[in-house]
Amino acid sequence: MVADVRAVVPADWETALVPSAVSDLGASPSRRPPGGPRNLLACLTQAPGRASRVTHVEHLPQRAARTVDWPSWADVHVVEALRRRGIDAPWEHQVVAATHAWEGRSVVVSTGTASGKSLAYLLPALSAIRAGRGDQGGRGATALYLSPTKALAADQARILARLDVPGVTAATYDGDTPREARDWAREQAAYLLTNPDMVHRGLLPAHPRWAGFLRSLRFVIVDECHGYRGVFGSHVGQVLRRLRRVAAAYGAAPTFVLASATVAEPEATAGVLTGVPVRAVTEDASPRGATEFALWQPPLVRGSAPRAPADQPDERDTGTAEPAVSSTTIVDTAGPSFFRRSAVAEAAELLGDLVAEGARTVVFVRSRRAAEVTALLARDGLARVEAELAGRVAAYRAGYLPEERRRLEAALHSGELLGVAATRALELGVDVSGLDAVVLAGFPGTRASLWQQAGRAGREGTGALVVLVARDDPLDTYLVHHPEAVFGRPSEATVLDPDNPHVLGPHLCAAAQERPLAAAELVEVFGPGAPGLVADLESRGLLRRRPGGWYWTRREWAADLVDLRGSGGPPVRLVEDGTGRLLGTVDAVAAPSAIHAGAVYLHQGESYLVRELDLSRSLAFVRRAEPDYATTAREVSDVRLAEVERTTAWGEGELGFGTVEVTAQVVGYVRRRVGSGELLGEEALDLPPRLLSTKAVWWTLSPAQLATSGVAVADLPGAAHAAEHASIGLLPLVAQCDRWDVGGVSTAWHPDTGRLTVVVHDGLPGGAGFADRGYRAAATWLSATRDAIASCECAGGCPSCVHSPKCGNGNQPLDKHGARRLLEVLLAGADAQHRDR
């Protein structure tokens with residue numbers, strides 16, 4: 001309840017809602033070096049050898065604010081509350097978006113980080129609540145706020161508590177909310193802060209108990225909507241359609257207000273997500289300080305290590321291990337081996353240097369393990385200089401228990417922490433502002449996420465420094481040497497497909513349990529594929545038709561059929577041997593590769609070894625250990641082309657798209673020494689295979705084209721394999737995904753095509769739209785893949801071009817030069833007018 005929310009707000013905490021209100025992360029002003037970001041970059045590059053690591057510096061100019069008067073419809077008490085927080089006049093885009101919402105037009109505000117998007121929905125929502133309720137009580141209008149994370153909802157609750165608008169009752173409703181607080185929220189709250197999971201499992205199935213709230217529902221606020229992509233976004237789209245349907249049964253037609261990072265086509269994307277027409281506000285009128293954005297490639301380091309190519313570690317957002325100090329062998333010659341220093345080690349060193357300079361800094365990393373290792377390395381380095389500073393660096397990631405998460409968030413807001421190594425849980429979780437510097441340890445997968453993370457710096461309208469440190473990865477290497485791909489292009493459009501039958505079918509069952517499905521509403525609410533799916537569900541006995549419509553036939557909750565976040569089931573809990581202490585959780589789909597028996601798991605800077613993984617009980621048992629190695633799972637897969645939906649002839653070659661059936665299995669793991677990457681051993685695992693029906697894009701070459709390529713028959717498997725790895729790594733250039741969202745298979749002869757075939761498939765059931773985007777932008781995607789291979793400085797293949805961090809065959813065989821020749825022949829056969837569609 002509101003009183004509980006206010007109690008946890010530090011006295012000196014301010015929101016990042018508006019121009020003059022910022023949260024305080026880190027050092028006092030006296031520790032901040034004078035001169036702004038140029039001095040910070042100079043500090044980082046003054047050490048010997050550092051300057052050569054900077055491949056490009058982009059100077060982003062300062063932007064002045066454009067303010068306007070408060071709109072006449074805004075409630076005076078709301079305006080006064082905002083003025084007390086230091087907002088004398090709103091920015092222009094805030095009022096434009098808020099006015100659309102107030103007048104009943106659904107709107108998406110797609111502007112940069114720290115541009116005050118919160119005010120665009122708070123102003124109309126709080127004014128509407130006040131108009132219906134006033135000072136005397138009574139519920140009046142209600143507003144439903146949806147965030148992708150609990151932490152972001154908690155931040156919004158703090159904002160409301162600090163505003164203290166008379167007559168506005170707000171409450172959070174999530175998995176951590178006690179039962180009595182949930183009852184109070186349902187009966188009393190006018191502004192409810194929750195997430196799509198709770199709407200799906202808690203509110204909609206029990207909608208009669210929420211009748212009072214739903215009857216008055218005026219606004220649905222979808223924050224950070226650019227994060228709703230792929231299968232998760234598709235599920236959320238169906239949850240919002242079910243919400244609209246149930247609200248309509250109570251006489252409500254809520255207006256949607258969406259907040260998004262700067263993405264392409266926000267109006268179209270928001271419309272697909274909500275199922276209603278949406279206006280877009282994209283002109284950012286907020287101030288921005290001058291920013292220096294440096295592209296940074298870690299150095300090659302000569303060392304003694306195995307000559308065999310080594311895998312990069314798994315970088316999914318799980319507890320999987322990854323090397324802490326050096327990365328992988330990138331030059332495989334008869335002479336000395338060379339290594340590209342890992343982005344994690346490089347970013348940790350930069351974090352330590354920036355904290356030592358008194359710069360408030362966040363390092364964004366790609367995995368939970370990387371967050372722990374980055375913070376640990378930075379603390380170790382600072383401890384040798386100033387012990388007090390070492391204590392002001394911490395990791396923030398998903399998977400922490402609620403009490404750990406709240407403790408870290410309080411330290412972030414109070415300024416106790418000066419440097420933070422964080423996963424995307426911070427990007428979408430806590431409103432951190434006023435940073436002097438942001439370091440990205442690897443490209444975050446999309447340009448939208450890159451600018452969302454980079455925008456955390458300089459949020460006070462002052463100058464800032466952003467550094468993108470390249471991982472040993474084809475896409476990262478390509479980007480730091482092609483700055484126009486970072487700075488010269490708009491952010492990607494969000495990819496989602498709510499009409500995916502694997503997504504829509506279970507939601508139709510859930511909707512039928514909430515209210516009988518009427519024939520007239522199927523297409524209007526759920527899209528053109530709904531009637532056919534309803535007929536299929538009826539034939540399977542899941543739905544039954546009666547005069548009043550289709551009804552759910554089972555006793556169990558239909559909502560349980562839907563895995564909203566695609567986690568593959570309940571999360572696996574990590575339990576410490578001997579004590580029974582719960583350390584955290586890992587998504588079920590990631591568990592076989594992240595916490596298999598023998599895996600190394602890091603938690604709060606401490607290492608654990610997994611003794612047993614029991615998938616049937618969703619439990620993993622671990623014990624404290626200090627191994628000198630990291631573990632990486634190996635997975636093999638096979639793909640059958642089940643249905644060819646589209647093809648394009650590229651000369652004698654062919655580009656295809658359709659449905660595939662994938663069989664994948666984690667078959668073992670390797671142990672590599674931390675620091676050198678030395679291969680210590682490989683162990684077999686006996687884990688069950690996973691079956692997946694999804695979408696894929698593929699390309700084939702004819703025998704004549706193979707002859708033209710000049711690749712020997714014996715080298716074709718390695719050439720196709722290398723081309724597959726590189727194309728997976730470059731797909732995020734044209735689709736809003738990262739390489740962990742997709743998989744691939746290559747073969748010199750595929751039984752379904754009778755040719756050399758390279759397949760890249762979506763990693764989730766039914767597809768997520770990534771392969772489709774690859775098919776439509778194939779020439780751009782595959783040309784960049786060829787260029788990345790050709791421009792790489794290695795001799796025979798490395799993680800910067802054709803090695804894959806998740807290869808189940810240990811990156812064998814690979815033929816870098818053969819891959820380039822295959823791609824050249826394929827692209828030469830493409831008809832230019834049919835390339836990008």
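In what order do the 7 strands of the open sheet come? Colour them and read across: 4-5-3-6-7-2-8, with parallel pairing. (Strands here are DSSP E runs of at least two residues, helices are H or I runs of at least four, both numbered from the N terminus; two strands pair if DSSP finds at least two bridges between them.) Strand 4 (170–172) and strand 8 (279–281) sit at the edges with a single partner strand each, so one side of each has no neighbour in the sheet.

A word on ground rules: this is a predicted model, where local features need pLDDT of at least 70 and side-chain atom pairs pLDDT 80 or more, while totals for chains, interfaces and linings use all residues. Residues count from 1 along each chain as its sequence is written, and side-chain values use heavy atoms, without hydrogens and water.

Next, select 107–110 and 255–260: these are strand 2 and strand 7, parallel and joined by 4 bridges. Val109 is opposite Ala259 of strand 7.

Now show helix 10 (residues 230–249), which packs on the sheet and touches strand 3, strand 6 (217–222) and strand 7; contact means heavy atoms within 4.5 Å.

Conventions:
Axes are lines fitted to C-alpha atoms, for helices over the stretch in contact, and angles run from 0 to 180 degrees between N-to-C directions.
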